[in-house]
Amino acid sequence: MKYIIAVIKPHRLEHVREALAALGIEGMTVSEVKGHGRQKGHTEVYRGAEYVVNFLPKVKIEVAVTEDMMDKALEAIQQAAKTGQIGDGKIFVLPIEKTIRVRTGETDADAL
Amino acid sequence: MSLKNWKTYAGAFAASCLLLAEPALAADKLDTGNTAWMLTSTALVLMMTIPGLALFYGGMVRRKNVLATMAQSFAITALITVLWMIAGYSIAFGDGGAGQSFWGGLSNAFLVNMGKDTLNGSIPDSVFMTFQMTFAIITPALITGAFAERMKFSSMLVFMGLWVLIVYAPICHWVWGGGFLGGLGVLDFAGGTVVHINAGVAGLVAALVLGKRVGFGKENMAPHNLVLSVIGASLLWVGWFGFNAGSAVAADNSAGMAMAVTQIATAAAALSWMFAEWMVHRKPSVLGMISGAVAGLVAITPASGFVDPTGALILGLIAGVVCFWGATGLKNALGYDDSLDAFGVHGVGGIVGALLTGVFARKAIGGTAGLIEGNAMQVWVQFEGIIATIVYCAIVTFILLKVIDMIMGLRVSEADEIEGLDFTLHGETIHD
């Protein structure tokens with residue numbers, strides 16, 4: 001099993017959710033985060049005082065998938081999140097050691 | 001207060017033969033229309049400070065200092081109410097006897113002369129006293145913008161209490177209470193000198209004495225939530241009808257014209273600041289629009305009973321651009337940390353408004369001609385009023401702050417400032 005972490009532009013979230021749902025992937029965790037990669041921040045001006053805002057608002061999606069679904073899920077996320085502009089985000093994949101459904105105690109693939 | 005009204009008032013106390021000859025004598029009878037408007041105006045002006053100014057300033061500070069900033073306006077409202085009752089009203093509007101040119105004395109301390117039936121012109125003295133109280137409240141509250149995010153709450157209370165009694169009340173007396181500035185013929189309809197130059201200059205002195213915030217010029221000090229500031233500025237705008245049109249102390253044609261010119265000048269200044277910023281910084285910022293509106297409100301304040309709509313339009317256009325410069329170019333050039341631009345907007349706007357009152361005053365509106373009607377002297381008289389206010393306010397404010405600094409300190413510790421005043425001063429934080 002793999003743990004996919006995708007940091008994307010906030011307004012692409014609904015597209016990504018729909019693309020994953022189309023693959024039958026229903027569960028995910030979403031957080032509002034701030035960050036930047038190669039995209040540098042922007043400058044705000046308040047009564048002449050300029051402030052560079054380095055960290056921009058992003059959405060972080062965390063989703064667990066079985067090995068056989070991973071490539072499809074990654075492609076779906078990448079395509080759905082893409083705008084072609086700088087700041088589209090990153091996707092990371094980590095191995096999962098164990099998964100447990102809290103309500104039933106089921107484990108691993110049964111727990112997804 | 002128009003010239004006519006302070007004369008009416010001074011006449012009631014000084015019993016001067018000259019003033020008794022004024023046609024305003026009929027005003028000794030209670031007028032329910034005037035009273036209704038002044039009750040309304042009083043509530044409007046109180047709304048300017050709480051919640052108007054509290055929100056306007058609260059939105060502009062960093063998230064860790066929002067409650068502390070709003071607490072200043074709120075606590076000042078309560079503190080000055082009590083002090084105005086005890087002595088402020090007497091010092092500002094009492095009968096000063098031999099010292100009448102400079103202060104009103106303490107004969108009306110605790111409002112001992114104010115009965116239920118006591119009239120002040122055509123309205124109850126209780127209404128006039130409370131109306132004036134709301135002016136005494138907003139003036140120190142305006143100053144807090146200059147030293148936001150770094151002053152001790154305890155020292156702030158001591159400073160504001162003393163400042164209102166020693167600086168505000170006497171200057172109020174000079175202009176409106178029968179003192180020497182009103183006698184000189186200085187035109188200040190609703191408080192350009194008394195409220196705005198006074199607060200702005202005190203703010204500048206406070207910003208200089210307290211010094212810059214930790215990290216000023218290096219750290220991000222962007223406003224945490226300009227939505228609050230937009231709401232606050234809008235409440236200020238609406239409340240200002242009580243401030244300016246209420247300063248006619250009557251529900252009459254003077255109040256009506258004051259309301260009209262207030263609206264026009266405010267709109268003009270909001271636009272001119274917006275366009276100036278649009279040209280200089282490429283974007284028409286929301287903070288710029290609301291700051292421009294406040295600058296226009298400040299500048300029209302002394303002029304509101306004396307100028308016509310065209311005068312108000314030009315005055316507003318000038319005030320927006322000049323205050324934009326005051327809050328950006330001037331501040332940056334001189335390097336002081338007037339956190340929320342109490343001086344840049346209220347001091348600069350107050351001076352611009354006071355001078356332009358002398359330019360655009362029309363005999364047909366307020367009884368006094370200005371420069372445009374050939375009376376260049378009025379600009380000089382206005383200048384004298386400005387200088388007297390600046391000099392007295394700056395010197396006494398400086399001494400007050402230095403003495404308080406020696407006794408109890410003015411600033412919070414650097415560690416507290418970094419952590420934020422909401423928690424370190426008040427033990428509370430915002431959860432949202």
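Visitor: Which residue of chain B meets B:Arg150 in a salt bridge with an N to O distance of 3.9 Å?
Guide: In this predicted model, local features need pLDDT of at least 70, side-chain atom pairs count only at pLDDT 80 or more, and totals for chains, interfaces and linings use all residues. Residues are numbered from 1 along each chain as its sequence is written, and side-chain values use heavy atoms, with hydrogens and water left out. A salt bridge is taken as a side-chain nitrogen of Lys or Arg within 4 Å of a carboxyl oxygen of Asp or Glu, and the side chain that meets B:Arg150 in this way, at 3.9 Å, is that of B:Asp337.

Visitor: How many residues apart are B:Arg150 and B:Asp337?
Guide: B:Arg150 lies in the loop between helix 5 and helix 6 of chain B, whereas B:Asp337 lies in the loop between helix 12 (309-334) and helix 13 (342-360); helices here are DSSP runs (H or I, at least four residues), numbered from the N terminus. The pair thus links distant parts of the chain, and the separation is 187 residues.

Visitor: Is B:Asp337 buried or exposed?
Guide: Buried means under 20% relative accessible area, exposed over 50%, and partly exposed in between (1.4 Å probe, protein chains only). Because its relative accessibility is 1%, B:Asp337 counts as buried.

Visitor: Which residue meets B:Glu149 in a salt bridge of 2.4 Å, N to O?
Guide: Both residues of this pair are buried. The side chain that meets B:Glu149 at 2.4 Å belongs to B:Arg213.

Note on methods: Chains are lettered from A and ligands numbered from 1 in the order in which they are written. Helices (H or I, at least four residues) and strands (E, at least two) are DSSP runs, numbered from the N terminus.
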